[in-house]
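Have the sequence and the structure open as you read.

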Amino acid sequence: MSTAVVDLRSDTVSLPTPEMRTRMAQAVVGDDVYGEDPTVKQLETRTAAMFGKEAGLFVPSGTMGNLLAIMVHCHRRGAEAIVGDLSHIFLYEQGGASHLAGVQLATIRNQPDGTFSLAELRHKIRNYKDCHEPVTAMVAVENTHNICGGKVIPLAYLDELASLVRQPGVGTARIALHMDGARIFNAAAALGVGVERITRDFDSVSVCLSKGLSAPVGSVLVGSKDFIAEAHRLRKALGGGMRQAGILAAAGLVALEQVVPLLGEDHERTKRIAAAVDKLRSPNVVVDLSSVHSNILLLEVKQPKLKTDKFTERLAIVEPEEIAAGVTDKEGAGIVLKASARDWAFMRLVLYHQVNDEQVELAIKKLTYVIRQYDANWA
């Protein structure tokens with residue numbers, strides 16, 4: 001049986017565009033560890049300028065970018081960084097802050113909108129020069145927020161956060177602000193502002209090129225010249241020093257030039273799927289339309305007999321009855337919809353550059369059939 005696959009597990013499955021492949025093949029390169037790769041330099045300079053920062057550093061991954069920020073900002077032993085309890089840094093980076101950087105992470109409960117309580121943050125900040133306590137050295141915000149469903153952090157909240165951290169007498173030393181901006185361009189597209197505005201009060205930002213921006217590899221860490229100089233040194237210790245990395249950086253430049261302007265289309269397609277599911281009025285699988293901010297869609301499973309991992313498994317198979325019911329593409333192939341779920345109360349769908357209108361309609365067709373099947377079973 002032939003199948004049409006719509007892969008919405010993550011925007012990390014996005015593919016390099018034809019222009020990226022061409023530019024990669026033609027890239028002028030040098031040894032980046034010696035600082036001699038002109039294409040890497042161009043990517044770093046352009047990214048830093050977009051964010052209004054002094055310098056940038058090309059790194060293999062967003063995880064490394066976040067870890068370098070922690071290592072530079074929390075440079076002394078006994079330092080502590082404060083992060084959300086649903087943040088990528090805390091959940092999905094193997095605890096690198098502790099076992100590689102020697103930094104303690106203190107967590108604050110993330111709200112459904114991706115923020116955390118600023119009153120609780122103020123309470124968490126170590127405000128005494130007490131030899132028993134670690135020193136608060138960094139606060140990190142994730143924007144957009146992955147596990148909270150691609151939520152865009154409000155500008156007013158970011159302004160208030162910066163004002164709090166910069167108040168005289170808050171902390172025993174200056175506290176750095178870091179943004180895990182893996183999908184920061186999605187936030188900018190949703191808000192209709194430039195990334196410089198979103199990150200203006202942040203000391204550092206880690207920007208991913210290989211998720212919705214479709215580049216095959218890499219992130220850029222931006223900040224001050226002194227910050228990047230130290231991050232450059234530490235990158236080598238983490239094994240992130242790359243040689244003729246301009247081949248990869250070339251794709252990143254195309255991402256900034258050609259894919260960033262199209263991110264709003266991913267958001268609209270995501271909302272189209274959300275609206276279709278909402279229209280079903282299913283008691284078993286629901287969506288909150290107001291919570292769909294960007295390219296990530298969370299479908300909440302209300303039926304206690306249905307686990308999200310089983311939901312994703314069902315979407316990935318084609319039953320003979322589906323073909324008879326016309327749940328196919330225009331060639332008559334059955335639809336395989338790939339989604340992601342763990343021990344969550346929701347299933348996650350993520351859209352990206354290669355997901356076109358036709359694939360969106362296939363995803364809607366498959367979701368509609370399976371959800372109605374569940375509704376009939378538990379009527």
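This is a predicted model: local features need pLDDT of at least 70, side-chain atom pairs count only at pLDDT 80 or more; totals for chains, interfaces and linings use all residues.

**Cysteines, pockets and cores**

Residues are numbered from 1 along each chain as its sequence is written, and side-chain values use heavy atoms, with hydrogens and water left out.

**Cysteines**

- The structure holds zero disulfides, a disulfide being a pair of cysteine sulfur atoms within 2.5 Å.
- For Cys-208, the closest cysteine sulfur is 19 Å away in Cys-148, too far for a bond.
- Cys-131 is exposed, at a relative accessible area of 75%, and its sulfur is 20 Å from the closest cysteine sulfur, in Cys-74, which is also too far for a bond.

**Pockets**

- A pocket here is an open set of points on a 1 Å grid over the protein atoms alone, where a 1.4 Å probe fits, with protein on both sides within 12 Å along at least five of seven lines; lining residues have an atom within 4 Å of a point.
- The largest pocket holds about 410 Å³ of space, a volume being the space filled by probe spheres set on the points, which are joined across faces, edges and corners.
- Its lining has 24 residues, with Thr-12, His-88, Tyr-92, Asn-146 and Lys-211 nearest the centre.
- That lining divides into seven nonpolar, eleven polar and six charged residues; Ala, Val, Leu, Ile, Met, Phe, Trp, Tyr, Cys and Pro count as nonpolar, Asp, Glu, Lys and Arg as charged, and the others, Gly among them, as polar.
- Helix α3 (residues 62-73) gives the most to the lining of the largest pocket, with three residues; helices (H or I, at least four residues) and strands (E, at least two) are DSSP runs numbered from the N terminus.
- In the second largest pocket there is about 360 Å³ of space.
- This second pocket is lined by 19 residues, and Cys-148, Lys-151, Ser-291, Leu-298 and Phe-346 are the closest to its centre.
- Twelve nonpolar, four polar and three charged residues make up the lining of the second largest pocket, to which strand β10 (residues 296-301) gives the most, with four.

**Cores and helix α8**

- The largest nonpolar core has 56 residues, of which Phe-58, Leu-121, Leu-161, Ile-184 and Phe-185 touch the most other members; such a core is a set of buried Ala, Val, Leu, Ile, Met, Phe, Trp, Tyr and Cys residues joined through side-chain atoms within 4.5 Å.
- Helix α11 (residues 246-259) gives the most to this core, with eight residues.
- Apart from it lies another core of 35 residues, including Val-6 and Tyr-374.
- In helix α8 (residues 184-191), the buried residues include Ile-184, Phe-185 and Asn-186.
- The elements covering the buried residues of α8 include β6 (176-181), β7 (204-208) and α12 (263-279).

- Asn-66 lies in helix α3 and is buried, at 1% relative accessible area.
- Beyond residues up to four places away in sequence, Asn-66 touches Ile-89, Glu-93, His-178, Asp-180 and Ser-206, where contact means heavy atoms within 4.5 Å.
- Arg-77, in the loop between α3 and β3 (79-84), counts as exposed at 80% relative accessibility.

Notes. Buried means under 20% relative accessible area, exposed over 50%, partly exposed in between (1.4 Å probe, protein chains only).
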